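Could you walk me through this structure in plain words? I would like to hear about its surface, its pockets and its backbone.

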Amino acid sequence: NAGTEADVYISVYGERGDTGSRQLLRSQKPKKFLKGQTDIFAVEAVHLGHLYKIVIGHNGLGSGNGWFLDKVAIKDPLTDLDYTFLCHRWLDQGQDDGNIARELTVTDTSTFPGRQELQLRREETWAAEKWKFQEGNTLQFYNRLTRGFICLSPDNKVDALGDKKNKYGKVFFIWMYA
């Protein structure tokens, strides 16, 4: 009972956008989504660049609609890169956590060369900026649209007027654009 007769949908996300929800219709096998079977589908879409996540699920209709999904592998025909999304969970209202859809992230970071660089930049940025969030500091956010301040004080108070000359000492401005 690990296969499904329900309609299965997938959305593929990459650095240049996503496919939107697509029903997986024509497998290269005569009967799709059977227990222990690997199904292969062709999904036409614009090139999404490096892939980072998918959302896969089914509509929950039909007898025996619960489904155990091991993994999804995607081959990009333009770059010849393979992306693997591990699941190893039920998509079943009566099993596991009851969800019939899953969001899965790519498991092999080497297929997304920019991911390691992006993570390094995040860590470097946080290392350079975290001192602003230390105890005793006050943050003021300025919104150009409303021309107003929001002040976050060390005593956990929020002041929507955001006095520029604050008794708490250091004040840091973070410019937010709408």
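Strand 10, which covers residues 158-159, is where you will find Val158. This is a predicted model, and in it Val158 counts as exposed because its relative accessibility is 60%, while exposed means over 50%.

The largest pocket holds about 1,100 Å³ of space. Its lining is made up of 35 residues, and those nearest its centre are Asp39, Phe41, Val72, Ala73 and Ile74. Strand 1 (8-14), strand 4 (51-58) and strand 5 (67-75) each give two or more residues to this lining, and strand 5 gives the most, with nine. Sorted by class, the lining has 23 nonpolar, six polar and six charged residues.

The second largest pocket has a volume of about 180 Å³. Among the residues that line it are Arg22, Leu24, Phe41 and Glu44. Here the classes are five nonpolar, one polar and three charged residues.

Finally, have a look at the backbone. Most residues other than glycine have a negative phi. Which way does the phi of His88 go, positive or negative? His88 has a positive phi, near 50 degrees. You can find His88 in strand 6 (residues 82-91), where it is exposed, at 54% relative accessible area. Asp96 also has a positive phi near 50 degrees. Asp96 sits in the loop between strand 6 and strand 7 (101-105), and it counts as partly exposed, at 46% relative accessibility.

Key:
Residues are numbered from 1 along each chain as its sequence is written. This is a predicted model: local features need pLDDT of at least 70, side-chain atom pairs count only at pLDDT 80 or more; totals for chains, interfaces and linings use all residues. Side-chain values use heavy atoms; hydrogens and water are left out. Helices (H or I, at least four residues) and strands (E, at least two) are DSSP runs, numbered from the N terminus. Buried means under 20% relative accessible area, exposed over 50%, partly exposed in between (1.4 Å probe, protein chains only). On a 1 Å grid over the protein atoms alone, a cavity is a set of points where a 1.4 Å probe fits but cannot get out, and a pocket is an open set with protein on both sides within 12 Å along at least five of seven lines; lining residues have an atom within 4 Å of a point. Grid points are joined across faces, edges and corners, and a volume is the space filled by probe spheres set on the points. Ala, Val, Leu, Ile, Met, Phe, Trp, Tyr, Cys and Pro count as nonpolar, Asp, Glu, Lys and Arg as charged, and the others, Gly among them, as polar.
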